[in-house]
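Here is my note on the model you asked me to look over, written as numbered points. Please read it with the structure open beside you.

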Amino acid sequence: MDFMQALRQRWSESDSLVCVGLDPEPAKFPPKFTDEPDAIFAFCRDVVDATAEFACAFKPQIAHFAARGAEDALGRLIAHVHAAHPGIPVILDAKRGDIGSTAQHYAAEAFDRFQADAVTANPYLGRDSVQPFLDRADRGVVILCHTSNPGAGHFQDLDVGGRPLYQHVAERVARDWNGHGNCALVVGATWPAQLREVRAIVGDMPLLIPGVGAQGGDVEAVVRNGLAADGAGLLVSSSRAILYASGGDDYDEAAALAAKALRDGINRHR
Ligand SMILES: O=c1ccn([C@@H]2O[C@H](COP(=O)(O)O)[C@@H](O)[C@H]2O)c(=O)[nH]1
């Protein structure tokens, strides 16, 4: 089953549009992990197991692992998701983008080394920089369109021939880059008006929506502006608000409650 088929099946089986972000920060781990040599893996695994019921996808962010030399833990974590929770896609948030000869190694890193089902990519270098990802028809390519951060508009909102740049990205990806039907876009929850514009351009294409929870995006506005015609189409991603819902030894139960609350909050407005 390819990424898009798995995602659609998971949306339907879980009745959830929640993507659980995995951004390990050992300084925020509960005290029981202080002397744990494999803390990054163990903490993330516990959160995965506690929240799987409420997740349509998991999204590990690679820098949180690589900065601590924990790529091995990342690989084992993704393998754990596939083994313990088959059918839940893993999106590796790496935001890759480079000339084609290097991008092919980034594609191999995400899909062969780490066995991710999808990866985030930066379109700024143009199509040839994303082509090695697009060519993997069974895997997803989640392309930055309008990011969630405060400075997103510095370039992404610039007027280019009468339309903001991010709308050109949405249109180009939907019309030209999606030949295998394996593309999705990133749009921040913090920009609901732009989310509405993107949805109008791309039809039912899946949208990964970071920015609820710790970044303050409004769930109702996300659903109102971003839902696809079929009542799905969104992966509403939250990392810190789920991972660190409790700093105590009830971290896993608290993470499950936070993921459930987000799922229910989204579903109230669907
Ligand atoms: O536009 C973007 C693209 C990616 N991200 C990533 O999502 C999570 C958000 O974490 P929270 O704790 O839920 O704020 C993080 O991994 C970012 O790198 C984003 O925030 N915005």
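1. A word on burial comes before anything else: a residue is called buried when its relative accessible area is under 20%, exposed when that area is over 50%, and partly exposed in between, using a 1.4 Å probe and the protein chains only. Please keep in mind that this is a predicted model, in which local features need pLDDT of at least 70 and side-chain atom pairs count only at pLDDT 80 or more, while totals for chains, interfaces and linings use all residues. Residues are numbered from 1 along each chain as its sequence is written, and side-chain values use heavy atoms, with hydrogens and water left out.

2. The unreviewed UniProt entry carries the annotation "domain: Orotidine 5'-phosphate decarboxylase" for residues 17–257; such annotations may be inferred rather than shown by experiment. In the model this span is 42% helix and 18% strand, and its end C-alpha atoms lie 15 Å apart. Helices (H or I, at least four residues) and strands (E, at least two) are DSSP runs, numbered from the N terminus.

3. What lies at the start of that span? L17 is found in the loop between α1 (3–14) and β1 (18–22), and it counts as buried because its relative accessibility is 1%. Contact here means heavy atoms within 4.5 Å, and, not counting residues up to four places away in sequence, L17 touches residues including W11, C56, L235, I266 and R270. L17 and N267 are 250 residues apart in sequence, yet their C-alpha atoms are 8.2 Å apart in space.

4. In soluble globular proteins, nonpolar side chains tend to be buried together. A nonpolar core is a set of buried Ala, Val, Leu, Ile, Met, Phe, Trp, Tyr and Cys residues joined through side-chain atoms within 4.5 Å. The largest one has 90 residues, and F43, F58 and L92 are among those with the most contacts inside it. Helix α2 (residues 39–51) gives the most to this core, with 8 residues. F43 touches F29, P30, F33, L243, Y244 and Y251, leaving out residues up to four places away in sequence.

5. Helix α8 (residues 165–177) has as its buried residues Y166, Q167, V169, A170, V173 and W177. Among the elements they pack against are α6 (127–134), β5 (140–146) and α9 (192–202).

6. Which residues are closest to the ligand? They are D23, S148, Q215, S239 and R240, out of 15 residues that surround it, each having a heavy atom within 4 Å of the molecule. An oxygen atom of the ligand is 2.8 Å from an N or O atom in the side chain of Q215, and for K59 the corresponding distance is 3.2 Å. Taken alone the ligand exposes 460 Å², of which the protein buries 89%; these areas come from the Shrake-Rupley method with a 1.4 Å probe.

7. D93 lies in strand β3 (residues 91–96) and counts as buried because its relative accessibility is 6%. Apart from its neighbours within four places in sequence, D93 is in contact with K59, P60, Q61, I62 and T120.

8. Finally, two backbone angles deserve a look, since most residues other than glycine have a negative phi. D15, in the loop between α1 and β1, has a positive phi of about 50°. Q115, in the loop between α5 (100–113) and β4 (118–121), has a phi near 60°. Q115 counts as partly exposed because its relative accessibility is 40%, and D15 counts as partly exposed at 44%.

Definitions and conventions: A polar contact is a pair of N or O atoms within 3.5 Å; within protein, one must be able to donate a hydrogen and the other to accept it, and residues adjacent in sequence count only if both atoms are side-chain atoms.
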